[in-house]
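The structure is shown first, and the points follow by topic.

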Amino acid sequence: MSQPKIGLITFGDHRAHEWEHVFKKMTEPRHQEAVAYFEQLPVTLVAQEAVARAKDEIDAQVDALRAAGVEVLVAHTPCWTSPNLVVRGIQRLNMPTVLLGNKHPGTHSTVGLLGAGGTLSQIGYPHMRLREDFTEALAQKVMPYFMATAVKSRLQGKMFGLFGGRSLGIDTGTFDPMQWKKLFGVDTEHIDQLEIIRRAELVPEADTKKMMTWLTRVVGSVQYNDDKFTPEKLAFQVRCYLATMEIIGEMGLDFVAIKCMPDLTTHFVPQCISAALLPSPYDADGRRDPIMMACEADGDAALTMEILKEISGGLPVLFMDVSYIDDERGLFYFPNCGAFCSWYAARSDDPAENMKHIELRPANRPAGGAITYFNTAPGDMTLARLYRENGRYRMGIISGETVHISPEEHDNFVQARGSHQLPTAFLKLDVDIDKLVSNFGSNHVMGVAGKRVEELLHFCDLMEIEPTFFN
């Protein structure tokens with residue numbers, strides 16, 4: 001993900017006498033300080049050299065920011081300035097806004113900040129107010145908001161590819177494309193999943209061989225058997241992945257969901273290689289941007305994954321089942337039906353380091369093929385899920401960490417699962433389990449590395465989606 005694009009306007013007092021004799025000497029240096037400060041943050045800054053004081057100056061700077069494609073405005077009021085002029089610029093640009101003042105006792109910044117903020121509240125214009133100097137505290141407060149506003153902006157115009165329809169009767173995987181278009185600005189292409197199978201037969205042998213050679217070389221093991229997991233089956237899965245990549249490229253899809261079960265898992269091959277590699281930032285051709293893919297045609301899961309990817313700055317995202325809860329220890333066992341995003345095997349920038357922890361095991365499905373078996377590496381994790389209650393979207397949000405469990409605990413888990421072993425994330429979550437079971441709106445949950453709760457809270461506020469916290 002490219003950096004959030006930030007527009008900065010510093011507003012000054014329009015009165016000539018007060019400007020020349022009082023506020024100019026305080027406002028202009030603080031404008032330069034603001035430019036320097038935001039340029040060292042992980043953002044793309046767009047700002048003019050001059051302070052905007054009059055209506056025509058404000059309008060010109062706003063128009064320049066719009067032409068540059070900024071995604072959020074920082075309305076900087078380092079000293080007193082007429083609130084109506086600040087609001088004029090904000091309304092003209094009409095995008096998420098941070099009102100920024102300072103703590104200096106002689107600038108009258110807070111007066112201007114509250115004057116403009118009060119006006120915005122009266123007219124119902126959502127905004128964020130910050131009274132901070134240019135310290136680390138400002139970055140900690142403003143960066144999550146910047147990320148959230150960038151996600152809101154970048155969802156507009158995205159194209160979702162839905163391969164197949166409802167899987168296994170999972171109603172929570174279905175969605176209303178028109179509701180998405182209205183709320184998120186996301187369009188949908190419906191594609192028959194047999195198009196993957198048709199195109200898989202047309203993948204050049206050289207491309208298949210290249211991917212097969214890389215995959216079998218970098219994974220920890222390939223556990224072929226004489227029955228349903230053979231080199232031919234794995235090659236078919238690889239061709240399905242390459243065919244899906246081709247469709248994504250041709251149709252300009254930004255993220256996808258694939259039905260897979262039971263049609264493909266019964267009669268062709270499971271799409272586990274695609275589910276492992278699409279959301280990862282690499283394959284045999286080298287590094288690339290992750291492409292979010294949800295299993296079982298779960299549209300709201302795929303959209304949640306896309307939001308988590310963008311809000312984390314482009315990280316891969318996990319798609320998981322809420323499967324088993326150890327109530328006493330607050331330990332959650334989250335597997336998936338046959339594949340996890342491979343990056344989470346080690347969370348490494350080195351693809352080989354991730355892939356060496358993965359075992360290609362026989363799938364426990366009628367058509368055979370491989371699953372990508374591993375347990376996720378430990379680290380902070382933010383879980384989220386878009387779901388609907390009576391037609392209105394909510395977002396469930398949980399913070400926690402993935403952990404390694406003891407060999408004894410793992411052996412007990414394996415024995416309890418029996419022959420149906422799957423890739424699994426073991427998560428330590430400090431949650432109200434009864435509230436989770438009573439209110440969480442799906443059997444699927446998504447997770448991204450790191451702590452992203454503040455970003456998601458801002459995103460929900462911007463989108464007028466109610467967040468539900470389970471911690």
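The side chains of Arg-88 and Asp-59 form a salt bridge, with 2.8 Å from N to O; the term denotes a side-chain nitrogen of Lys or Arg within 4 Å of a carboxyl oxygen of Asp or Glu. Arg-88 belongs to helix 3 (residues 83–93) and Asp-59 to helix 2 (residues 55–68), so the pair ties together parts that are 29 residues apart in sequence. Helices (H or I, at least four residues) and strands (E, at least two) are DSSP runs numbered from the N terminus.

This is a predicted model, in which local features need pLDDT of at least 70 and side-chain atom pairs count only at pLDDT 80 or more, while totals for chains, interfaces and linings use all residues. Residues are numbered from 1 along each chain as its sequence is written, and side-chain values use heavy atoms, with hydrogens and water left out.

**Salt bridges**

- Side chains of opposite charge can pair when their charged atoms come close.
- A search of the whole structure finds 28 salt bridges.
- Arg-88 counts as partly exposed, at 32% relative accessibility, whereas Asp-59 counts as buried, at 13%. Buried means under 20% relative accessible area, exposed over 50%, and partly exposed in between (1.4 Å probe, protein chains only).
- Lys-158 forms a salt bridge with Glu-306 (2.9 Å, N to O). Lys-158 lies in the loop between helix 5 and strand 6 (159–163) and Glu-306 in helix 12 (residues 299–311), so this pair ties together parts that are 148 residues apart in sequence.
- Lys-158 also meets Glu-310 in a salt bridge (3.0 Å, N to O). This pair links distant parts of the chain, with Lys-158 in the loop between helix 5 and strand 6 and Glu-310 in helix 12, 152 residues apart.
- Lys-158 is buried, with a relative accessible area of 9%, and Glu-310 is buried at 8% relative accessibility. Glu-306 is buried as well.
- Through shared partners, salt bridges join Asp-59, Asp-63, Arg-66, Arg-88 and Arg-92 into one network.

**Pockets**

- On a 1 Å grid over the protein atoms alone, a pocket is an open set of points with protein on both sides within 12 Å along at least five of seven lines, and a cavity is a set of points where a 1.4 Å probe fits but cannot get out; lining residues have an atom within 4 Å of a point. Grid points are joined across faces, edges and corners, and a volume is the space filled by probe spheres set on the points.
- The volume of the largest pocket is about 320 Å³. Of the 16 residues in its lining, Pro-96, Pro-126, Lys-152, Asp-461 and Leu-462 are the closest to its centre.
- Helix 5 (136–155) and helix 16 (453–463) are the elements that give two or more residues to the lining of the largest pocket. Helix 16 gives the most, with three residues.
- By class, the lining of the largest pocket has nine nonpolar, four polar and three charged residues. Ala, Val, Leu, Ile, Met, Phe, Trp, Tyr, Cys and Pro count as nonpolar, Asp, Glu, Lys and Arg as charged, and the others, Gly among them, as polar.
- The second largest pocket holds about 210 Å³ of space. Its lining consists of Gln-179, Lys-182, Leu-183, Gly-391, Arg-392, Tyr-393, Met-463, Glu-464 and Ile-465.
- Helix 6 (177–183) and strand 19 (392–402) are the elements that give two or more residues to the lining of the second largest pocket. Helix 6 supplies the largest share, three residues.
- The lining of the second largest pocket divides into four nonpolar, two polar and three charged residues.

**Cavities**

- There are four cavities of 30 Å³ or more in the structure.
- The largest cavity has a volume of about 90 Å³. It is lined by 14 residues, with Cys-260, Pro-270, Gln-271, Cys-272 and Cys-337 nearest its centre.
- Helix 11 (272–277) and strand 12 (293–295) are the elements that give two or more residues to the lining of the largest cavity. This lining has 10 nonpolar, three polar and one charged residues.
- The volume of the second largest cavity is about 60 Å³. Residues in its lining include Ala-275, Met-293, Phe-319, Asn-336 and Cys-341.
- Strand 13 (317–321) and strand 12 are the elements that give two or more residues to the lining of the second largest cavity, and strand 13 gives the most, with three residues.
- The lining of the second largest cavity has 11 nonpolar, one polar and no charged residues.
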